[in-house]
Amino acid sequence: MGKVTGFLEIDRQEQKYAPASDRIRHFHEFTIPLAENEVQRQAARCMDCGIPFCHGPTGCPVHNQIPDWNDLVYQGDWELAIRNLHSTNNFPEFTGRICPAPCEEACTLNLEDVPVNIKTVEQAIADKAWSEGWIVPEPAAIKTGKAVAVVGSGPAGMAAAQQLARAGHTVHLYEREAKAGGLLRYGIPDFKMEKHYIDRRVEQLEAEGVTFHYNVNVGVTVSMDELTERHDAVILCAGAERPRDPGVGGMEMEGCHWAMDYLVQQNRRVGGEPEIGPNATVGPIWAAGKHVVVIGGGDTASDCVGTAFRQGALSVTQLDIRPIPPLMEDKLTVWPYWPTKFRTSSSQAEGAEREFSAATLALVGEDGHVTGVKCARVDEKRQPIEGTEFILRADLVLAAIGFSGPRLDTYIAQAGDKLELDGRTNVKANTEDYKTSVDKVFAAGDVRRGQSLVVWAIREGRQAARAVDEFLTGTTDLPR
């Protein structure tokens with residue numbers, strides 16, 4: 001390591017946010033980047049750990065070689081740093097913006113609550129590489145003559161497509177929507193990641209030989225049988241989109257919606273697309289001038305909170321059935337694993353009211369329109385406590401308690417019993433060869449593992465690409 005005493009001499013510095021009063025007026029990113037020399041100082045804080053937990057199984061799903069590129073940034077060799085970063089992660093500008101950074105929780109310095117600012121350094125490496133022109137298409141020199149179909153252009157599908165194209169295969173990527181990115185584009189708000197980052201990666205993939213087919217809904221406009229007939233292999237990377245039902249009556253009332261319907265509409269508006277897409281099942285959803293209640297305590301719920309404030313909501317309340325977590329974790333019993341502790345997202349910090357230990361009992365309304373959410377406090381078993389009921393005023397209710405698995409009404413229904421599902425209705429495949437029960441068909445990402453992080457999707461896409469390459473050619477040089 002270039003600065004062996006850096007962690008002793010340099011304090012942790014984090015990126016700042018624009019004031020909430022300013023940032024809620026637009027949908028652009030609002031993080032203020034650190035100066036380049038400060039990024040190098042932050043990279044210098046990386047210790048010469050005997051066991052770097054940050055890039056082990058507890059820290060980074062794609063196994064980014066974090067100590068190596070931290071050292072390269074400190075030494076000023078940014079170009080080699082991006083080469084190192086790309087060796088494990090196809091899209092570091094995505095993960096540098098939206099990953100929750102389990103690597104920082106696993107950092108040795110987190111034992112003192114001052115982990116290396118890994119996520120900031122990763123983003124800085126990727127952004128500098130793009131600005132310097134170091135990221136260019138890498139088309140294969142030799143073609144294999146094999147054709148692969150990838151279903152879904154989210155992070156898993158894009159990673160798999162890029163790896164396979166670079167291995168020399170002809171790759172066709174089928175996307176249901178009009179643009180690539182999956183929930184990166186249509187689910188994650190622009191204030192967390194602007195979509196031009198996806199667009200330039202699409203241009204890179206196209207230059208590497210990937211052919212994108214938009215507005216193709218596999219299982220509806222084209223059958224799985226057609227795909228398997230046209231291609232030597234198929235990889236399902238269609239995500240887990242089926243919302244988990246809160247199990248209370250009233251979701252059919254006007255003003256009650258699934259979180260993803262709401263987020264997709266706003267992302268389409270920001271992206272210049274019609275707010276009601278061809279696959280939409282509801283009309284326009286708008287929070288301006290309304291009291292909004294978001295059911296759920298995760299990232300999707302938080303995205304709804306930030307979106308509602310930007311649309312002009314009068315108030316936003318977030319319901320979380322979990323008890324309020326401790327402010328700090330017990331390092332000796334949790335580290336280096338992801339801890340449960342009190343966290344406040346940038347969206348929640350914009351003015352949300354948060355109700356913990358709150359169960360949703362029912363949605364109440366008048367004349368077919370929602371007017372409130374009936375709640376109650378819960379005990380340690382998450383059972384409602386009698387006598388603690390209360391009603392929150394609500395003109396708009398958004399259900400954001402996660403996803404149950406992939407949609408079952410398209411290619412899965414078409415495949416019938418041939419395509420085996422696991423106990424959670426995800427497409428069944430292991431992490432050794434990613435093969436499904438259908439010949440030539442593989443599965444990776446959320447469609448296989450259930451809802452998860454973008455970084456996990458990238459990892460699975462890369463590993464599935466390696467498995468397909470080996471399946472098609474008998475050998476592979478792609479990394480696992």
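Strands (E, at least two residues) and helices (H or I, at least four) are DSSP runs numbered from the N terminus, and two strands pair if DSSP finds at least two bridges between them. The model is predicted: local features need pLDDT of at least 70, side-chain atom pairs count only at pLDDT 80 or more, and totals for chains, interfaces and linings use all residues. Residues are numbered from 1 along each chain as its sequence is written, and side-chain values use heavy atoms, with hydrogens and water left out.

- Five strands, in the order 5-4-3-6-17, form an open sheet with parallel pairing.
- Strand 5 (211-213) and strand 17 (441-443) are the edge strands, each pairing on one side only.
- On average, neighbouring strands are turned by 20° against each other, direction ignored; axes are lines fitted to C-alpha atoms, for helices over the stretch in contact, and angles run from 0 to 180 degrees between N-to-C directions.
- Strand 4 (residues 170-174) pairs with strand 5 in the parallel sense over 3 bridges.
- Opposite Tyr-174 stands His-213 in strand 5.

**Helix on the sheet**
- Helix 9 (residues 155-166) lies across strand 3 (147-151), strand 4 and strand 6 (233-236), where contact means heavy atoms within 4.5 Å.
- Helix 9 runs at about 165° to strand 4.

**Second largest pocket**
- Helix 5 (residues 78-86) gives the most to the lining of the second largest pocket, with 4 residues.
- Other parts of the chain also contribute: the lining includes Trp-134, Glu-138, Arg-166 and Gln-204.

Technical notes
On a 1 Å grid over the protein atoms alone, a cavity is a set of points where a 1.4 Å probe fits but cannot get out, and a pocket is an open set with protein on both sides within 12 Å along at least five of seven lines; lining residues have an atom within 4 Å of a point.
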